[in-house]
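Hi everyone, thanks for coming. Let me put the structure up, and then we'll walk through some ring pairs and a helix packing.

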Amino acid sequence: MEDRNLSKSKRFIATLFTAFIGGALFTLLHIPVPWLLGPMVAVLLGTNIWKRHYVWPNGIRDSGMMIVGYTIGLSMTPVALHAMALQLPSMLVMTVLLILFCSGIAFVVSKFSSSDYSTSLLGSIPGGLTQVILLAEETKGINLAVVTVTQVIRLMMIIIFIPLLVTLPLFRNGGAADMAADVADQATASWSGLFPDILLFAVVGIALAFLGSKIRFPTAVLLGPAVGTAVLQAFGMEGPNLPPVVISLSQLMIGTHVGLMLQVNQIQQKVRTIGLAVGSGLMLLIGSIVLGMVLTKIQPVTHATSLLSLAPGGMDQMGIIAHEIHADLSMVSGYQLFRTFFIYFAVPPLVKVIFRQINKKKLIEQREHG
């Protein structure tokens with residue numbers, strides 16, 4: 001009997017088991033961020049190689065993002081927020097340079113594929129997957145399947161390669177004090193230390209996540225707990241550190257969701273589409289590394305922090321990696337948050353203007369040839 005005929009609860013248990021096996025195996029192999037990468041790779045293989053039909057409710061993914069949001073909020077102390085404010089000009093410059101670089105990548109990809117520039121551009125924008133797909137749905141003439149595949153492959157490549165890159169000697173300079181402090185924090189984090197303080201932070205974070213979702217605030221389930229935690233800390237309340245098992249659980253929740261995003265059997269011209277998506281992702285990764293090196297020259301940040309700050313992944317995934325490798329989590333979150341808002345509010349109007357100009361040019365050419 002095919003597993004698609006099983007009940008949703010049984011398929012969910014199979015998904016959880018597969019994800020756990022992936023996380024445990026990656027832990028045994030000492031692969032960086034094992035509980036994010038392991039479940040992601042395991043369910044990706046299960047879906048596309050072994051043809052399993054997994055179930056992973058969005059509510060579980062959202063719960064994982066809330067946990068990550070809380071850890072991000074813990075890092076956003078008044079001192080850290082002041083340091084982030086001083087970096088706003090750098091955030092703007094780096095974000096604009098990254099988007100311009102993506103526009104160049106889209107031009108190259110459009111020349112080597114059957115996709116037009118509009119589709120290639122939306123596939124290359126380093127924004128949140130949901131935001132970009134919604135913009136693609138609202139824009140006429142866009143190949144939604146190509147945009148989705150390109151964005152998902154880019155996200156997976158970032159999640160896989162960034163943890164490997166930050167283990168290289170180049171990215172492991174500095175941060176010894178941060179590492180010692182973080183290890184000490186994790187050592188003192190325990191279940192008994194969570195209560196009762198965690199209850200107020202949980203209520204505020206969940207309430208803000210729910211409110212943000214209702215008003216369609218970008219990545220509300222992540223930003224709600226982050227903002228709520230930061231505000232409570234600003235009023236003198238101290239949020240308890242989470243036990244390592246909770247952090248690992250949040251990684252499994254998010255990693256499993258990402259692994260289920262890519263459905264290869266739904267892609268037309270699989271080899272060509274995936275090949276161009278991988279090439280586009282590699283160019284974007286290289287561009288991020290170069291911009292990260294530039295950032296270390298103009299700001300007092302480590303190579304690992306600069307790379308994670310500019311990596312075109314989601315703030316939740318980059319936040320997880322920053323926490324695991326003891327990078328400056330508040331700085332990484334600040335740059336990722338700034339890019340999220342910039343792409344959410346500034347990019348759609350700009351993209352629509354560009355597309356209007358492209359369509360006008362096409363109409364003029366059609367009239368001339370007609």
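Let's start at Phe 201, which counts as buried at 5% relative accessibility; buried means under 20% relative accessible area, exposed over 50% and partly exposed in between, with a 1.4 Å probe and protein chains only. Before going on: this is a predicted model, where local features need pLDDT of at least 70, side-chain atom pairs count only at pLDDT 80 or more, and totals for chains, interfaces and linings use all residues. Residues are numbered from 1 along each chain as its sequence is written, and side-chain values use heavy atoms, leaving out hydrogens and water.

Tyr 70 is buried too, at 6%. Tyr 70 and Phe 201 form an edge-to-face aromatic pair, 5.9 Å centre to centre with 80° between the planes. For the rule, rings of Phe, Tyr and Trp (its six-membered ring) pair if their centres lie within 6.5 Å, with planes under 30 degrees apart stacked, over 60 edge-to-face and the rest tilted. Tyr 70 sits in helix α3 (residues 58-75) and Phe 201 in helix α11 (residues 197-214), so the pair ties together parts 131 residues apart in sequence. Helices here are DSSP runs of H or I, at least four residues, numbered from the N terminus.

How many aromatic pairs does this rule give? The count comes to four. In another of these, the rings of Phe 20 and Trp 35 have centres 5.6 Å apart and planes at 40°, so the pair is tilted. Phe 20 is partly exposed at 46%, while Trp 35 is buried at 17%.

Finally, helix α14 (residues 270-298) and helix α15 (residues 303-310) pack at about 130°, with axes 8 Å apart. Axes are lines fitted to C-alpha atoms over the stretch in contact, and angles run from 0 to 180 degrees between N-to-C directions. Thanks, everyone!

Methods:
Helix = DSSP H or I, 4+ residues; strand = E, 2+ residues; numbered from the N terminus.
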